[in-house]
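Here is a brisk report on one chain. Please keep the sequence and the model in view as you read.

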Amino acid sequence: MLIAGFPAGAWGTNCYVVAPAAGEECVIIDPGHQATQGVEETLKKHRLKPVAVVLTHGHIDHVASVVPVCGAHDVPAWIHPEDRYMMSDPEKALGRSIGMPLMGELTVGEPDDVRELTDGAGLKLAGLDFTVAHAPGHTKGSVTFRTPEAADIPSVFFSGDLLFAGSIGRTDLPGGSHTEMLESLGRVCLPLDDSTVVLSGHGPQTTIGRERATNPYLREVAAGLGADPRGAAPAPRRGM
């Protein structure tokens, strides 16, 4: 499997292009702010043809380039229904203005073809299999995507802003809930095998095993304490 990722835009949001191999069809995950050029360069470098854009959630730093990317390649965008409104109304999703200069760089709205994700769904796209898990906490419609484990190839977990290396996504924006975040961490992340590779919405690659052992939030959930661990943990990474 080929996975090419790069941080894009003002928030350094990780955009991923995933394909079975070079020269084949691919899926684009989270083309956010100023991601269009990076997407096109990646497609050209690896001779890839997009068949879909899939979104871990609706915050503008993850969806800002959806309209131009989908339009350029005539492909659908997949998003959870509870976050769909954010594509057309990003400021409502943040509870504040994100600033007129920045807004002037964005193409706000939905692409022509929007399809909705559901918990537990299996997506078969570009010859790849993704399992969708609804994981509210960062937003009401946050989801993760996971590829199956294969012989000598670990599962890959695209965690969006649910789980980061050493931390988790923020829960203080509209639709965020620390209680829901902890529940999602326990239900979605803890059952995964330690070898599962975690590719998150911000920051470096990690593994479930590493986070199970060192991430204070995940350790808190694993211990079953249910307490708010924010005082003992590092602040969540940059992003929305």
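## Overall layout

The chain holds eight helices and 14 strands. Helices (H or I, at least four residues) and strands (E, at least two) are DSSP runs, numbered from the N terminus. This is a predicted model, in which local features need pLDDT of at least 70, side-chain atom pairs count only at pLDDT 80 or more, and totals for chains, interfaces and linings use all residues. Residues are numbered from 1 along each chain as its sequence is written, and side-chain values use heavy atoms, with hydrogens and water left out.

Of the 240 residues in the chain, 55% are buried. Buried means under 20% relative accessible area, exposed over 50%, and partly exposed in between (1.4 Å probe, protein chains only). The accessible surface of the chain is about 10100 Å², and carbon and sulfur atoms account for 50% of that. These areas come from the Shrake-Rupley method with a 1.4 Å probe; for residues, only the protein chains shown count as cover.

Contact means heavy atoms within 4.5 Å. Take the contacts between residues at least 6 apart in sequence: 63% of them join residues at least 24 apart.

## Confidence

pLDDT is the predictor's confidence in each residue, from 0 to 100. The chain average is 89, and 88% of the residues score at least 70. Where pLDDT is low, the predicted coordinates should not be read in detail.

## The six-stranded sheet

Six strands form an open sheet with mixed pairing, in the order β7-β8-β9-β10-β13-β14. β7 (122-125) and β14 (206-207) stand at the edges with a single partner strand each, so one side of each has no neighbour in the sheet. Helix α6 packs on the sheet and touches β8 (128-134), β9 (143-146) and β10. The direction of α6 makes about 145° with that of β8. Axes here are lines fitted to C-alpha atoms, for helices over the stretch in contact, and angles run from 0 to 180 degrees between N-to-C directions.

Two strands pair if DSSP finds at least two bridges between them.

| Strand pair | Sense | Bridges |
|---|---|---|
| β8 and β9 | antiparallel | four |
| β9 and β10 | antiparallel | two |
| β10 (156-160) and β13 (197-200) | parallel | four |

Individual residues can be followed across these strands. Thr-131 stands opposite Arg-146 in β9. Arg-146 in turn stands opposite Phe-157 in β10, and Phe-157 has Val-198 of β13 as its bridge partner. Phe-158 stands opposite Leu-199 in β13.

How many residues of β10 are buried? Five of its five. In a regular strand the side chains alternate between the two faces of the sheet. In β10, Val-156, Phe-158 and Gly-160 point one way, while Phe-157 and Ser-159 point the other way.

Ser-184 lies in helix α6 (residues 178-189). Ser-184 counts as buried because its relative accessibility is 0%. Beyond its neighbours within four places in sequence, Ser-184 contacts Ala-135, Pro-136, Leu-162 and Cys-189.

## Nonpolar cores

A nonpolar core is a set of buried Ala, Val, Leu, Ile, Met, Phe, Trp, Tyr and Cys residues joined through side-chain atoms within 4.5 Å. The largest has 29 residues. Ile-28, Val-39, Leu-48, Val-53, Leu-55, Val-66 and Met-87 touch the most other members. Elements that supply at least two residues each include β1 (2-8), β2 (13-19), β3 (25-29) and α2 (60-63). β1 gives the largest share, four residues. A second, separate core of 21 residues includes Ile-29, Ala-121, Leu-125 and Phe-130.

Val-66 belongs to the largest core. Its contacts beyond four places in sequence include Pro-31, Val-53, Leu-55 and Met-87.

## Two loop residues with positive phi

Arg-47 has phi near 55°, a positive value in a residue other than glycine. Arg-47 sits in the loop between α1 (36-46) and β4 (49-54). At 57% relative accessibility, Arg-47 is exposed.

Asp-74 is not a glycine, yet its phi is positive, about 55°. The loop between α3 (66-73) and β5 (77-79) holds Asp-74. Asp-74 also counts as exposed, at 70% relative accessibility.
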